[in-house]
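Me: I want to go through the labels on this structure one by one. Please set each value against its cut-off.

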Amino acid sequence: MRVVVDLNRCQGYAQCAFLAPDVFEMHGEEALLYKPRPDEGQRDDVVRAVTACPVQAILLDRSDEAVTAGEASDAR
């Protein structure tokens with residue numbers, strides 16, 4: 001899992017920092033610091049943070065994750 005934040009779009013609402021404080025952190029009032037490769041154990045918090053972002057500045061890139069056989073057959 002990889003987190004990508006469009007820092008030009010981010011408005012500093014800090015919903016992500018509230019929902020996933022181990023991944024996102026506000027530095028001052030506007031600068032967002034984040035871990036681009038959070039631990040798998042933080043997935044639920046990251047998904048909640050992505051969903052809660054009011055300006056949709058956070059993306060969750062899962063393109064590098066392995067696809068199980070069941071998921072591959074579902075995609076057909």
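Reply: A salt bridge needs a side-chain nitrogen of Lys or Arg within 4 Å of a carboxyl oxygen of Asp or Glu. This is a predicted model. The side chains of D45 and R48 meet that test, with N to O at 2.7 Å.

Me: How do you know that D45 and R48 are about one helical turn apart?
Reply: Both sit in helix α2, residues 43–52, and they are three residues apart, so about one turn separates them.

Me: What makes R2 and D61 a salt bridge?
Reply: Their N to O distance is 2.5 Å, and the limit is 4 Å. R2 lies in strand β1 and D61 in strand β4, so the pair ties together parts that are 59 residues apart in sequence.

Me: Why is D61 called buried?
Reply: Buried means under 20%. D61 is at 18%, so it counts as buried. R2, at 32%, is partly exposed.

Me: Why is the pair E40 and R43 called a salt bridge?
Reply: N to O is 3.0 Å, and the cut-off is 4 Å. E40 is partly exposed at 49%. R43 is buried at 17%.

Me: How many salt bridges does the structure hold?
Reply: Three.

How values were computed. Residues numbered from 1 in each chain as written. Predicted model: local features only at pLDDT ≥ 70, side-chain atom pairs only at ≥ 80, totals over all residues. Heavy atoms only, no water. Helix = DSSP H or I, 4+ residues; strand = E, 2+ residues; numbered from the N terminus. Buried < 20%, exposed > 50% of the residue type's maximum accessible area, 1.4 Å probe, protein only.
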